[in-house]
Amino acid sequence: MAKTLPVRSNGETIGYMIECPACGCGHLFYTNHPDKKHDHNWTFDGNLDSPTFSPSMLVYPSHNQKRCHSFVRNGKIQFLNDCGHQMAGQTVELPDMDGEEC
């Protein structure tokens with residue numbers, strides 16, 4: 001199974017979703033943000049089974065989620081030490097995604 005799945009809007013791939021094992025939810029790496037004024041897109045190596053995205057992903061804390069800061073490289077997620085969850089400082093395999101696309 002793939003570790004990332006394409007996310008489409010109006011028939012166009014706008015990014016790729018991974019399942020974050022620390023947060024228990026998906027994180028979306030925009031590679032082609034639908035708002036063309038948005039100037040931040042990640043690069044993706046195109047490998048759905050062992051993805052690499054650049055730069056890091058920083059998810060700010062919200063009412064139900066802790067800060068999550070990570071790199072995704074070669075199918076693994078490296079949680080940086082500034083994460084607010086129990087997986088800070090660890091590197092683990094990305095879980096497989098269910099389904100064909102998001």
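This is a predicted model: local features need pLDDT of at least 70, side-chain atom pairs count only at pLDDT 80 or more; totals for chains, interfaces and linings use all residues.

**Stop 1**

Two of the facing residues can be picked out by name. Arg 8 stands opposite Thr 13, and Pro 6 has Tyr 16 as its bridge partner in β2. Two residues lie between the strands in this hairpin, and Asn 10 takes a positive phi near 55° there.

**Stop 1: the aromatic rings**

Keep Tyr 16 selected and show its side chain. Which residues does the cluster of ring pairs contain? Ring pairs link Tyr 16, Phe 29, Trp 42, Phe 44 and Phe 53. The aromatic pairs in the model number five.

Start with Tyr 16 and Phe 53: their ring centres are 6.5 Å apart and their planes meet at 45°, so this pair is tilted. Tyr 16 belongs to β2 and Phe 53 to β5 (residues 53-54), 37 residues apart in the chain. Buried means under 20% relative accessible area. Tyr 16 is therefore buried at 15%, and so is Phe 53 at 2%.

Next select Phe 29 and Trp 42, an edge-to-face pair with 5.3 Å between centres and 80° between planes. Phe 29 sits in β3, while Trp 42 lies in the loop between β3 and β4 (43-44), 13 residues apart. Phe 29, at 1% relative accessibility, is buried, and Trp 42 is buried at 12%.

**Stop 3**

Move on to residues 57-59 (β6) and 91-93 (β9), the edge strands of another sheet, each pairing on one side only. This open, antiparallel sheet has the order β6-β7-β8-β9. Its neighbouring strands are turned by 25° against each other on average, direction ignored.

Select residues 68-73 and 76-79, strands β7 and β8, which run antiparallel and are joined by four bridges. Here Ser 70 stands opposite Phe 79.

**Stop 2: a charge over a ring**

Finally, show the side chains of Phe 71 and Arg 73. The charged end of Arg 73 sits over the ring of Phe 71, 3.9 Å from the ring centre.

Conventions:
Residues are numbered from 1 along each chain as its sequence is written. Side-chain values use heavy atoms; hydrogens and water are left out. Two strands pair if DSSP finds at least two bridges between them. Axes are lines fitted to C-alpha atoms, for helices over the stretch in contact, and angles run from 0 to 180 degrees between N-to-C directions. Rings of Phe, Tyr and Trp (its six-membered ring) pair if their centres lie within 6.5 Å; planes under 30 degrees apart count as stacked, over 60 as edge-to-face and the rest as tilted. Buried means under 20% relative accessible area, exposed over 50%, partly exposed in between (1.4 Å probe, protein chains only). A charge sits over a ring if NZ of Lys or CZ of Arg is within 6 Å of the ring centre and within 35 degrees of the ring normal.
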